[in-house]
Amino acid sequence: MSVKIRLQRHGKKGKPFYWVVAADARSKRDGKYLEKIGTYNPNTNPATIDLNLDSAVKWLHNGAQPTDTAKAILSYKGALLKHHLDGGIRKGALTQEQADAKLATWLEAKNGTVDAKKDGLTKAQADVKAKAFKAEQDVNAKRLAAAAQAEADAIAAANPVAEEVEASNEEEAPAAEENNEETQA
């Protein structure tokens, strides 16, 4: 019996969620499996992967062949590296402590890159929100300025008659004063 490490699809339509399983190569995609190794959720950014590293390495030691996508997931989480380092231990090229140290440094570096990506995505999302807020403030300022201008134009349109009357009264008033002075003299 040949064993494959592959993905088993779950979740609803358009929202896939996968189990990483070790299954007989002859079984159906979503059928019977030997052991559930982990989960993979591609709907999040970055994708969420929970993997039992020891179980995955155990199946790799027993000769299980991962599919292309499962191989990428195992590589991403360090299962293939651990399998490789265990081969070095069996051959005597490494000690267990050296292999554990190499795996730990690789996992720390990998976690650093994942955290950097999450921080970058968070920062990009905050920048987009800030730009949208700034654009909204600009639009609101223009709208308020246009409303104030329209109100001023409406007032000016209603008051030119009153301004003309006031202006003509001001012109007539000095003339009337001059007439008063002439009559007194």
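Helix H1 (residues 53–61) lies across strands E1, E2, E3, E4 and E5 and runs at about 120° to E3. Contact here means heavy atoms within 4.5 Å. Axes are lines fitted to C-alpha atoms, for helices over the stretch in contact, and angles run from 0 to 180 degrees between N-to-C directions. Helices (H or I, at least four residues) and strands (E, at least two) are DSSP runs, numbered from the N terminus.

This is a predicted model: local features need pLDDT of at least 70, side-chain atom pairs count only at pLDDT 80 or more, and totals for chains, interfaces and linings use all residues. Residues are numbered from 1 along each chain as its sequence is written, and side-chain values use heavy atoms, with hydrogens and water left out.

**The sheet**

- Five strands form an open sheet with mixed pairing, in the order E4-E3-E2-E1-E5. Two strands pair if DSSP finds at least two bridges between them.
- The edges are E4 and E5 (65–66), each of which pairs on one side only.
- E2 (residues 15–24) and E3 run antiparallel, joined by five bridges.
- Within that pairing, Val-20 has Gly-38 of E3 as its bridge partner. Ala-22 stands opposite Glu-35 in E3.
- E3 also runs antiparallel to E4 (residues 48–51), with four bridges between them. Here Tyr-40 stands opposite Ile-49 of E4.

- E3 covers residues 35–41 and is mostly covered, with five of its seven residues buried. Buried means under 20% relative accessible area, exposed over 50%, and partly exposed in between (1.4 Å probe, protein chains only).
- A cis peptide bond links Asn-45 to Pro-46, with omega at about -5°.

**The nonpolar core**

- The largest nonpolar core holds 24 residues, and Ile-5 and Ile-37 have the most contacts inside it. Such a core is a set of buried Ala, Val, Leu, Ile, Met, Phe, Trp, Tyr and Cys residues joined through side-chain atoms within 4.5 Å.
- At least two residues each come from E1 (3–12), E2, E3, E4, H1, H2 (68–77), H3 (79–91) and H4 (96–158).
- H1 gives the most to this core, with five residues.
- Leaving aside neighbours within four places in sequence, Ile-37 touches Ile-5, Val-20, Val-21, Ala-22, Leu-51, Asn-52, Ser-55, Ala-56 and Trp-59.

**Val-21**

- Val-21 belongs to strand E2. Val-21 is buried, with a relative accessible area of 1%.
- Its contacts, beyond neighbours within four places in sequence, are Lys-4, Ile-5, Arg-6, Gln-8, Tyr-33, Glu-35, Lys-36 and Ile-37.
- Val-21 and Glu-35 are 14 residues apart along the chain, yet their C-alpha atoms are separated by 5.7 Å.

**Where H2 meets H4**

- H2 and H4 pack at an angle of about 105°, and their axes are 9 Å apart.
- That makes H2 roughly perpendicular to H4. Angles under 35 degrees count as roughly parallel, over 145 as roughly antiparallel, 65 to 115 as roughly perpendicular and the rest as oblique.
- H2 contributes Ser-75, Tyr-76 and Lys-77 to the contact, while H4 contributes Trp-106, Leu-107, Lys-110 and Val-114.
- These residues divide into four nonpolar, one polar and two charged. Ala, Val, Leu, Ile, Met, Phe, Trp, Tyr, Cys and Pro count as nonpolar, Asp, Glu, Lys and Arg as charged, and the others, Gly among them, as polar.
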